[in-house]
Amino acid sequence: LDNGVYVQILQSNVRQRRRTLQKTIVHAIDAADESIFITTAYFFPPGFLRRALLQVPARGASLSLLLSGSSDFYPLPGDLL
């Protein structure tokens, strides 16, 4: 591509045990050796993402989160496994 932007669409369906997106996110986080910058309006990370993010500072990489502040999103129990 001319501008260096790549897009990949990944199928994900936790109930059908298709976790391609989750595995790709964890791989990208684990591969970052300098910094990770995440920006999102809604940030309620499931366990796999929390565990991966908690390991970032332990290996010397910086982790920055830009979040919206107060949220109007309240997940139902068991909704985000």
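Helices (H or I, at least four residues) and strands (E, at least two) are taken here as DSSP runs, numbered from the N terminus. By that rule, Val26 belongs to helix α1, residues 20-31.

A word on the model first. It is predicted, with local features needing pLDDT of at least 70 and side-chain atom pairs counting only at pLDDT 80 or more, while totals for chains, interfaces and linings use all residues. Residues are numbered from 1 along each chain as its sequence is written, and side-chain values use heavy atoms, leaving out hydrogens and water.

Back to Val26: its relative accessible area is 22%, so it counts as partly exposed (buried is under 20%, exposed over 50%, partly exposed in between, with a 1.4 Å probe and protein chains only). Its C-alpha atom sits 10.0 Å from that of Arg50, 24 residues away along the chain.

| Residue | In contact with |
|---|---|
| Val26 | Phe48, Ala52 |
| Leu49 | Ile25, Ile29, Phe43 |

Leu49 and Ala52 are both in the largest nonpolar core, which has 9 residues, including Ile29, Ile36 and Val56. Such a core is a set of buried Ala, Val, Leu, Ile, Met, Phe, Trp, Tyr and Cys residues joined through side-chain atoms within 4.5 Å. Two elements, β3 (35-40) and α2 (47-55), each supply two or more of its residues, and α2 gives the most, with 3.

As for the strands, β3 runs parallel to β4 (residues 62-67), joined by 6 bridges; pairing takes at least two DSSP bridges. Phe37 stands opposite Ser64 in β4.

Conventions:
Contact = heavy atoms within 4.5 Å. Lists of a residue's contacts leave out its neighbours within four places in sequence.
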